[in-house]
Amino acid sequence: MKSLLFVAHDPGGANVIKPVIEYYAQRNDIASHCLLLGPAAERIASALPTLEYHHIASHATPNFPQERSVEPESLFAALDAIKPDCIFTATSFNSTLERLAVQFARLRGIPVVSIIDFWRGYAMRFTLDGVLSAPDVVFVADGRMKHEAEVELPATTRVVISGNPHLATIGAKYVETRQNAASQVRAPLLRIRFFCENIRHYYPEKPVNEFSVVPKLLQSLIQCGFHGEFIIRPHPMESRDIWEEEIANYEVGITRGGKRFAAKPAIAVRLDTATFDEVLRDNCAAVGFNSMALLETASVGIPTFSYQIAVPSDYFLVPFEEYGIVRLAREEDILQLVNSSPLYISNNNQETSAASALDLIDQVLQQFLTK
């Protein structure tokens, strides 16, 4: 029996590869193995206990203590023991896990495919210590991503549009929930959820981040008459402690330009404790900069906005209008956020359904697994 090894670390990569792992977990003609670290281990292992999981020693990634990396020798020894016929990876920005797995495959002549979840850093995802080790095949979400990936990756790497299985899956899963929300009597928006991207830690040189924008956004919401909850949802790789301190400051007021704007009782600011399933079922509006979470909320029909007021244009990489995300480019646009209400998108902008995406991925993999 042929064996397929899945490798993942980052949360975005875990999301997009999870439907693929679930698809092969139901197959009895292929032995599926998983090597997972970080958020991927938390999101996938608990949901798919029947797969064969392999453990490897890891350590905190330098400068990114909440992320995990591995040493080449230890990973290569584990992969030599597993002996996969094909390796399927997600991609990470800091962890060495997927990069080393691709490097291992290249050295051993094992077919390797990867799936990319975001519109940025295609070559960087497969580069370690200045050396690019690219997969045989890379699956991408859409035509734009395909073009950008082909520019950065070697001509020997085949780039295939599969769509995003994760977005397609959740879009279908929450249809009934969003239909019910849309059918309810219109009421004032009572909850706004702000999605963080951990910008200050990942990009300390950037002049704008969540901590600089949230007070401005809160002030704008007060001026637009919003009376409800403002829920801050930290990035999965971000410490929540610093947000606890920030929220304590918001409790006594919002400072801007030397003035103090009372946040209470108009707006209750708190840290998010909901599961992501609860988030996608919630009657709320979503706002952030450029987070993949915005594509997730938009895909299920939650009113979704990208805050772009006085934010440099190079912050914005995801497709917005294509997924129904509204850009907040001027102060007066904040009213669109305040006046939004639950809606249902009957035909989201996924280029493929989850089933067709997985069928296409399987067709490509079969070229390697039947050799």
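I start with a term: a crossing of two helices is left-handed if the near helix is turned anticlockwise from the far one by less than a right angle, and right-handed if clockwise.

**Ground rules.** I am looking at a predicted model, where local features need pLDDT of at least 70, side-chain atom pairs count only at pLDDT 80 or more, and totals for chains, interfaces and linings use all residues. Residues are numbered from 1 along each chain as its sequence is written, and side-chain values use heavy atoms, with hydrogens and water left out.

**Entry 1: α1 and α2.** I looked up this helix pair first. Helices are DSSP runs (H or I, at least four residues), strands are too (E, at least two), and both are numbered from the N terminus. Helix α1 covers residues 11–25 and helix α2 residues 38–45; their axes come within 9 Å and cross at roughly 35°. For the angles, axes are lines fitted to C-alpha atoms, for helices over the stretch in contact, and the values run from 0 to 180 degrees between N-to-C directions. The crossing of α1 and α2 is right-handed. Pro11, Ala14, Asn15, Ile17, Lys18 and Ile21 of α1 meet Pro39, Ala40, Arg43 and Ile44 of α2, where contact means heavy atoms within 4.5 Å.

**Entry 2: the sheet with 7 strands.** I traced an open sheet in the order β3-β2-β1-β6-β7-β10-β11, with parallel pairing. Two strands count as paired if DSSP finds at least two bridges between them. At the edges sit β3 (52–53) and β11, each pairing on one side only. Helix α2 turns up again here, packing on the sheet and touching β1, β2 (30–36) and β3. Strands β1 (residues 2–8) and β6 (residues 86–89) share 4 bridges in the parallel sense, and valine 7 has threonine 89 in β6 as its bridge partner. Helix α4 (residues 97–108) lies across β1, β2, β6 and β7 (112–115), at about 155° to β6.

At the β11 end, β10 (residues 137–140) and β11 (residues 158–161) are parallel over 4 bridges. The chain goes from β10 through helix α5 (residues 143–152) to β11 in a right-handed β-α-β crossover. Right-handed here means that, with the strands pointing away from the viewer, the path from the first strand over the helix to the second runs clockwise.

**Entry 3: the sheet with 6 strands.** I found another open sheet, ordered β16-β13-β12-β17-β18-β19, also with parallel pairing. Its edge strands are β16 (267–271) and β19 (326–328). Neighbouring strands are turned by 25° against each other on average, direction ignored. Parallel β13 (residues 228–233) and β16 are joined by 5 bridges, with phenylalanine 230 opposite valine 269 in β16.

Isoleucine 192 has alanine 285 in β17 as its bridge partner, while valine 287 stands opposite phenylalanine 305 in β18. β17, α12 and β18 form a right-handed β-α-β unit.

**Entry 4: histidine 166.** Is histidine 166 buried or exposed? I read it as buried, with a relative accessible area of 12%. Histidine 166 belongs to helix α6 (residues 165–173). Leaving aside neighbours within four places in sequence, histidine 166 touches Asn15, Val16, Pro19 and Glu296.

Conventions. Buried means under 20% relative accessible area, exposed over 50%, partly exposed in between (1.4 Å probe, protein chains only).
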